[in-house]
Amino acid sequence: MHSQNLRLWVVAMLLWLPVLAFAAADLEINTPAISSLKMAMQSRHSQLASHYASGAVGLTRDGLVALRDAALVPLAQRQAVGSLVAAENQDRKALYREIARANGHPEWEEEIHSTFAQRWVQKAAPGWWYQNHGGAWVKK
Amino acid sequence: MKKLSMVAAVLLASSVSACVTINIYFPAAAAEKAADKIIDEVWQLQNQGGAPAPAKPNEQK
């Protein structure tokens with residue numbers, strides 16, 4: 001009788017394992033704060049894309065963007081591109097922080113930041129510039 | 001017998017709590033997946049290459 005009871009227990013406990021594993025499978029990225037950051041970055045991208053392509057703006061090794069060659073931007077636009085870069089970096093930092101917070105682990109911010117750093121570069125289009133581990137600019 | 005079931009219960013409880021504990025460590029694969037999803041949206045990479053991607057299993061994996 002006891003062993004049957006025990007077996008029932010074991011089965012019941014084992015049935016829970018996939019549920020727990022599933023719960024841990026995804027990060028929460030559907031909060032209002034994350035969505036609005038995403039939308040702001042998406043609309044800014046239409047203005048930044050040509051500067052990535054020209055090489056004026058590059059992806060830094062720390063998951064941000066930088067004006068790597070201002071000479072490639074017409075003088076009249078230079079200030080505007082500078083503000084775009086600053087705004088983009090502000091949103092990126094906020095995004096990394098918000099994802100960590102949305103998942104109840106603010107201490108994950110740095111690791112999320114470095115995960116993004118790798119993925120931005122990985123997904124960058126050919127011809128865009130990024131910083132390698134040593135900090136040198138490389139054309140993809 | 002009762003003792004044995006107690007031991008089994010404790011073992012199971014600790015193994016289940018170990019699964020939960022894993023959660024505290026940084027979930028690198030999940031973070032990568034989340035990053036890819038966000039980057040695809042921000043850079044609008046979903047329909048790259050003209051034709052719609054062949055049934056991309058976006059929600060899976």
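Here is a friendly chat about a predicted model, taken one feature at a time.

Colleague: Let's begin with the sheet in chain A: in what order do its strands run?
Modeller: Happy to! The sheet is open and has 4 strands with mixed pairing. From one strand to the next the twist averages 40°, and the order is E2-E1-E3-E4.

Colleague: Which residue in E3(A) is the bridge partner of A:Gly58?
Modeller: Strand E1 of chain A covers residues 57-59 and strand E3 of chain A covers residues 129-131. These two pair in the parallel sense over 2 bridges. In E3(A), the partner of A:Gly58 is A:Trp129.

Colleague: Which strands of the sheet does helix H3 of chain A touch?
Modeller: Helix H3 spans residues 75-102 of chain A and packs on the sheet. Its direction makes about 165° with that of E2(A). The strands touched by H3 are E1 and E2 of chain A.

Colleague: How far apart are the end C-alpha atoms of H3(A), and what span should its 28 residues have?
Modeller: At 1.5 Å a residue, the 28 residues of H3(A) should span 40 Å. That agrees with the model, where the end C-alpha atoms of H3(A) are apart by 41 Å.

Colleague: Are H2(A) and H2(B) parallel or oblique to each other?
Modeller: Helix H2 of chain A (residues 32-54) packs against helix H2 of chain B (residues 28-42), with axes 8 Å apart. The angle between them is about 45°. The two helices, H2(A) and H2(B), are therefore oblique.

Colleague: How do the residues of that contact between H2(A) and H2(B) divide?
Modeller: On the H2(A) side we find A:Ile34, A:Lys38, A:Met41, A:Gln42 and A:His45. They meet B:Ile38, B:Glu41 and B:Val42 in H2(B). The division is 4 nonpolar, 2 polar and 2 charged.

Colleague: With which residue does A:Arg44 form a salt bridge?
Modeller: Over all chains the count comes to 8 salt bridges. In the one formed by A:Arg44, the closest N and O atoms are 2.8 Å apart. A:Arg44 lies in helix H2 of chain A and its partner in helix H3 of chain A, so the pair ties together parts 47 residues apart in sequence. That partner is A:Asp91.

Colleague: Which residue other than glycine has a positive phi near 50°?
Modeller: Just after H3(A), a glycine, A:Gly104, takes a positive phi of about 75°. The residue you are asking about is in the segment after H2 of chain B. Its name is B:Gln44.

Terms used
Residues are numbered from 1 along each chain as its sequence is written. Chains are lettered from A and ligands numbered from 1 in the order in which they are written. This is a predicted model: local features need pLDDT of at least 70, side-chain atom pairs count only at pLDDT 80 or more; totals for chains, interfaces and linings use all residues. Side-chain values use heavy atoms; hydrogens and water are left out. Two strands pair if DSSP finds at least two bridges between them. Axes are lines fitted to C-alpha atoms, for helices over the stretch in contact, and angles run from 0 to 180 degrees between N-to-C directions. Contact means heavy atoms within 4.5 Å. Angles under 35 degrees count as roughly parallel, over 145 as roughly antiparallel, 65 to 115 as roughly perpendicular and the rest as oblique. Ala, Val, Leu, Ile, Met, Phe, Trp, Tyr, Cys and Pro count as nonpolar, Asp, Glu, Lys and Arg as charged, and the others, Gly among them, as polar. The expected span of a helix is 1.5 Å times one less than its number of residues. A salt bridge is a side-chain nitrogen of Lys or Arg within 4 Å of a carboxyl oxygen of Asp or Glu.
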